[in-house]
Amino acid sequence: MDRTKLVAKSHPVVVNYHHAAQRLRSPSLGGGPVTTTRSDRALGIEQGTVIQMVGWDDDCDQRLIDSVTDAAGAPPVDDDYDDVVDVVVLWWRDDDGDLVDGLLDAIAMLAEKGAIWLVTPKPGRDGHVEPEEISEAAPTAGLRVTANISAAPDWNGTRLVPRS
């Protein structure tokens with residue numbers, strides 16, 4: 001079964017768990033960001049990408065963590081890493097505090113062309129973060145949403161990049 005789906009920016013993407021999202025532009029869908037699956041990269045992470053995971057806890061999806069680590073070719077850097085990173089994977093739950101503050105902390109770690117993957121529990125799961133909260137927090141933190149995916153069975157992913 002082909003599980004690749006193209007959807008408009010305002011709709012979540014259903015992707016195969018082991019696949020990654022890749023951002024595309026589609027004039028037929030109004031030129032906005034859409035996503036599709038790719039089997040060779042987890043969350044669009046390529047070999048050599050420096051990643052940092054923030055907010056990791058026992059409830060995080062280990063298969064997603066493993067696929068991101070495998071795609072990068074190295075484990076995530078430690079919290080005391082003193083250089084910029086290409087990708088921050090920010091695990092966030094509703095009770096983790098102020099999302100804007102969390103995003104601002106993550107931005108401080110990013111390389112110039114870096115991205116944040118905000119990974120939040122799906123609806124009905126403990127700690128679910130409403131999409132409206134993400135939509136409001138992103139621009140306040142100077143970010144824009146470029147993709148929404150089903151990152152794992154219990155987790156959604158939102159790709160955020162600095163506004164240009």
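Is D94 buried, partly exposed or exposed? D94 is partly exposed, because its relative accessible area is 43%, and partly exposed lies between buried (under 20% relative accessible area) and exposed (over 50%), with a 1.4 Å probe and protein chains only.

## Basis of the model

This is a predicted model, in which local features need pLDDT of at least 70, side-chain atom pairs count only at pLDDT 80 or more, and totals for chains, interfaces and linings use all residues. Residues are numbered from 1 along each chain as its sequence is written, and side-chain values use heavy atoms, without hydrogens and water.

## Overall layout

The protein chain has three helices and seven strands; these are DSSP runs, with helices being H or I of at least four residues and strands E of at least two, numbered from the N terminus. Along the sequence the pattern is β-β-β-α-β-α-β-α-β-β. Of the 164 residues of the protein chain, 43% count as buried.

## Strands β3 and β4

Strand β3 (residues 51-54) runs parallel to β4, and four bridges join them. Two strands pair if DSSP finds at least two bridges between them. M53 stands opposite V89 in β4. In β4, six of the seven residues are buried.

D94 is found in the loop between β4 (85-91) and α2 (99-107).

L43 lies in the loop between β2 (33-38) and β3. L43 is not a glycine, yet has a positive phi of about 55°. L43 counts as buried because its relative accessible area is 6%.
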